[in-house]
Amino acid sequence: MDCASLNPIPEAAAFRRPPSQVMRLDRMGSAHPTRLSFLRSLLRRVSDEGWTFDRPVWDIDGRGVGRAVYRAAGPVRTYCLVAFAHDLPAEMRSDRVIATAWDATFTLFDGEPDADDLDRLQANVPLQEAGRISARELSLSRANRSVRLFAHVIERLAAGMQPDPAEVEAVGYLMRTTAVYGSGKFGAADRANIADRPELSAPFQAEMLSVWLTRQFTVDIVEHLAATRGGASAVRLDPAIRRMLGVGNSTGLGMAPFLVRHPVLLNNWMMAREEALARVRAQHAARPDAVAAFQAALAEATENARQWHSTHPIQIAKLDALRRDLTCLADRIANWPEPQSNHPWDRLWRWGEAELSLEGQEALLALMLEPHGDLVDGLSDCMTADEKAWFRLDGTITVADFSASLAQHYDWALAIDFDQPDKAARFWYVSEEKLEPRLGNRFEEDGASLEQPLCIARLAHELHTALKDWPGDASLAAFLLAHPEHRFMARRAQILGHHPYAEVRDNLIAAEILPIDLMRCKLAFFGASRFDPRSDKWVRISLFQGMPYPSDMTPGGWA
Amino acid sequence: MSAAQDHEAEPNDPTRSGSPVPGGKDACLSQNEIEQLCLKAARGAGMSWGLAEEAGFAAAWLAARGLDGPGILLAQLTLADGRPWDEICPLVAPGRFAAEDSGCLCPIALGSTLCDHAALPQASMENAPLRLGPVSCPLLLLPFLSAVATARRQSLCLRWPRGMVVLTADGQIAGDATRLGAETSLTAELERHKPATERVPVTGDLPFLPSETLRGLNDLALRTTVPASEASRAGAGAVTGDND
């Protein structure tokens with residue numbers, strides 16, 4: 001299905017931001033979650049379709065060790081999160097991929113597991129990467145406790161008191177996942193086998209469902225441990241405090257290359273978001289109900305910005321700018337829209353581009369989508385990608401035409417002088433140690449000969465130079481036969497010709513590269529909030545904070 | 001931990017789902033795992049990144065039809081290890097994709113080149129069959145020939161002295177694929193196919209990979225990795241601890 005031909009608002013195209021503006025690292029590194037984010041589309045679906053949730057197995061002992069099953073029943077299929085709870089010594093607690101044990105481990109099962117399935121999973125899931133799962137499983141993940149908040153909440157609940165809201169606010173989650181694997185990893189079902197199911201066709205839906213059910217597990221286990229410790233005097237979490245808790249996530253450099261390795265997918269995510277913004281800007285007038293919903297969303301965003309903390313200098317500065325921007329925005333819309341103003345959303349957007357920081361502009365984008373679900377939610381269906389359909393090269397194009405297209409789409413790359421050391425200072429590689437992706441210093445460390453092909457700008461540069469030596473009427477097929485080393489980049493360049501938002505338009509090996517910018521963009525598409533860098537390549541975030549729990553969707557379905 | 005110890009521990013790649021199996025065991029890999037492992041192994045064996053992508057595609061395509069793509073790719077990579085590109089890439093002339101002198105083509109190089117030329121005159125099958133080869137590990141050609149058939153919306157037939165495989169316009173294969181998998185090298189003809197009788201398509205579950213295939217592919221894949229150093233280890237994680 002061709003989304004473009006189905007577009008109900010073709011006039012919006014004139015309002016779309018160009019890739020040269022959108023696909024820059026600093027702007028991608030200011031991305032905010034929107035209503036098109038993947039966890040939001042999951043929550044819309046389970047609500048619209050009336051999914052039901054319960055917990056058929058809860059076999060956890062007084063030390064918090066054992067297993068549990070959470071069941072999510074949709075209109076056609078049922079999925080179950082199988083959770084294993086462990087007693088982890090503090091010295092083994094690490095969020096790095098090199099860890100070997102965790103506080104809890106999980107898998108999302110396709111259907112309902114029987115006792116044999118659970119035993120098979122118990123022998124493998126706690127081992128994570130060192131175990132094997134099967135095509136009956138859709139994800140593999142693990143989580144570590146926030147040691148301080150986890151202990152505080154149990155202590156308070158056991159004593160019959162609620163946790164200190166300031167403590168809850170400061171951390172925001174009881175446990176944080178440190179990896180959520182899907183798409184055929186470690187033996188799990190291939191994406192191709194499940195992509196035709198409506199509930200899993202949008203990106204990362206199995207992973208999002210797994211994390212949402214994990215959030216339920218994190219509050220269930222603290223209430224269980226508090227009840228064990230406090231007996232009759234223990235109380236359950238106050239619903240308002242409970243809602244403040246999300247699931248944390250701790251992520252390293254391994255996530256950063258994803259967007260570079262999936263150009264068609266990146267394009268489709270960006271295109272959907274940009275089309276959504278363009279549709280809102282294309283509105284001739286602002287409906288009163290939309291204005292009210294926008295004001296409510298702004299109030300919520302302002303409160304979120306107040307609670308959003310980071311100790312990283314870059315993020316501290318960005319948060320200061322965001323808070324200032326949201327105040328400016330509140331002033332700007334005090335008497336907005338002006339009577340008879342044409343295209344008020346577009347005027348507001350243009351004001352934002354002139355007055356706000358990148359953080360503020362991208363926050364404004366999210367806010368403008370918020371009241372317009374009827375206009376934009378359908379774009380969720382356009383965010384998946386058939387990457388295989390774009391794998392084959394068109395060998396018939398002439399060297400002259402291909403070179404001209406390259407010069408047009410990669411002008412930003414061809415302008416970089418890679419002879420300057422700071423333009424090629426870094427290199428991406430995979431460490432032999434646990435095959436962890438890392439970023440090295442080219443002129444200080446060994447290993448640059450084993451560089452991963454993430455240095456796209458330089459590859460484009462090299463391809464363009466090599467093409468100059470060829471007659472213009474030669475075919476690309478003939479060129480690639482002589483130059484197999486350019487095949488990788490030639491494929492990308494042909495993809496970009498059909499997918500304008502497929503490429504990050506910055507030098508990914510420059511001295512000043514910030515991998516967290518790539519991570520923030522991807523995490524915003526997941527729906528992550530409270531982006532909190534712990535270095536230039538390591539972040540913590542929160543998922544589902546302030547949103548309902550599975551148990552809220554099925555009152556009475558819980559033990 | 002030394003590199004050797006680390007290797008024995010069978011490391012894992014969280015982003016590309018490689019090297020996924022505990023040591024010494026046969027395993028059933030997902031199609032995604034096969035593709036990524038074979039891509040890395042091909043790169044480790046010296047292919048360019050773009051051709052290594054083709055190798056991963058080909059091995060996974062075959063595995064999805066129950067054929068031993070990973071095992072035969074390993075055989076090919078071992079065979080071609082250290083041989084220069086101009087010895088294993090085809091010479092392209094109208095009607096003919098041949099090896100130089102007495103050489104033998106790499107099926108990944110030949111297949112990719114055929115796909116690139118699919119709509120060019122050199123690959124025309126209007127008047128006569130295309131002559132291909134000699135090519136080693138010829139089973140690995142099928143994914144590429146299927147892509148050509150799909151792109152041209154035309155069923156094709158690969159014939160060699162001991163068998164034939166039909167590649168349909170809708171991406172299916174039928175015929176002597178298993179026999180083709182047993183051939184170590186051959187010269188073949190590719191021609192347009194007029195479906196006379198319905199053939200049973202070749203299908204199958206993802207094959208079980210024996211431990212020696214996994215080990216061989218993992219060893220090649222590890223050639224793409226950089227030995228750990230204190231500097232690299234130090235920069236990879238959070239600045240603070242995780243017990244907060």
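Colleague: How many disulfides does a search of the whole structure find?

Modeller: This is a predicted model, where local features need pLDDT of at least 70, side-chain atom pairs count only at pLDDT 80 or more, and totals for chains, interfaces and linings use all residues. Side-chain values use heavy atoms, with hydrogens and water left out; residues are numbered from 1 along each chain as its sequence is written, with chains lettered from A and ligands numbered from 1 in the order in which they are written. Taking a disulfide as a pair of cysteine sulfur atoms within 2.5 Å, the search over all chains comes to zero.

Colleague: Which cysteine sulfur is nearest to that of B:Cys38?

Modeller: B:Cys38 is in no disulfide. The nearest cysteine sulfur is 13 Å away and belongs to B:Cys137.

Colleague: And is B:Cys38 buried or exposed?

Modeller: Buried means under 20% relative accessible area, exposed over 50%, partly exposed in between (1.4 Å probe, protein chains only). B:Cys38 has 1% relative accessibility, so it counts as buried.

Colleague: What about B:Cys157, buried or exposed?

Modeller: B:Cys157 is in no disulfide either, its nearest cysteine sulfur being that of B:Cys115, 17 Å away. Its relative accessible area is 0%, so B:Cys157 is buried.

Colleague: Why is strand β3 of chain B largely enclosed by the rest of the structure?

Modeller: Helices (H or I, at least four residues) and strands (E, at least two) are DSSP runs, numbered from the N terminus. Strand β3(B) covers residues 130-136. It is largely enclosed because, of its seven residues, the number buried is five.

Colleague: Which residue in β3(B) stands opposite B:Arg96?

Modeller: Two strands pair if DSSP finds at least two bridges between them. Strand β2(B), residues 96-98, runs parallel to β3(B), with three bridges joining them. Opposite B:Arg96 stands B:Arg131.

Colleague: What is the bridge partner of B:Leu130 in β7(B)?

Modeller: Strand β7(B), residues 185-192, pairs with β3(B) in the antiparallel sense over five bridges. There, B:Leu130 is partnered by B:Leu190.

Colleague: Over to chain A: which helix holds A:Gln315, and is that residue buried or exposed?

Modeller: A:Gln315 sits in helix α14(A), residues 313-332. Contact means heavy atoms within 4.5 Å, and beyond four places in sequence A:Gln315 is in contact with residues including A:Trp308, A:Glu359 and A:Arg520.

Colleague: What pLDDT does chain B average?

Modeller: pLDDT is the predictor's confidence in each residue, from 0 to 100. In chain B, 84% of the residues score at least 70, and the average is 86.
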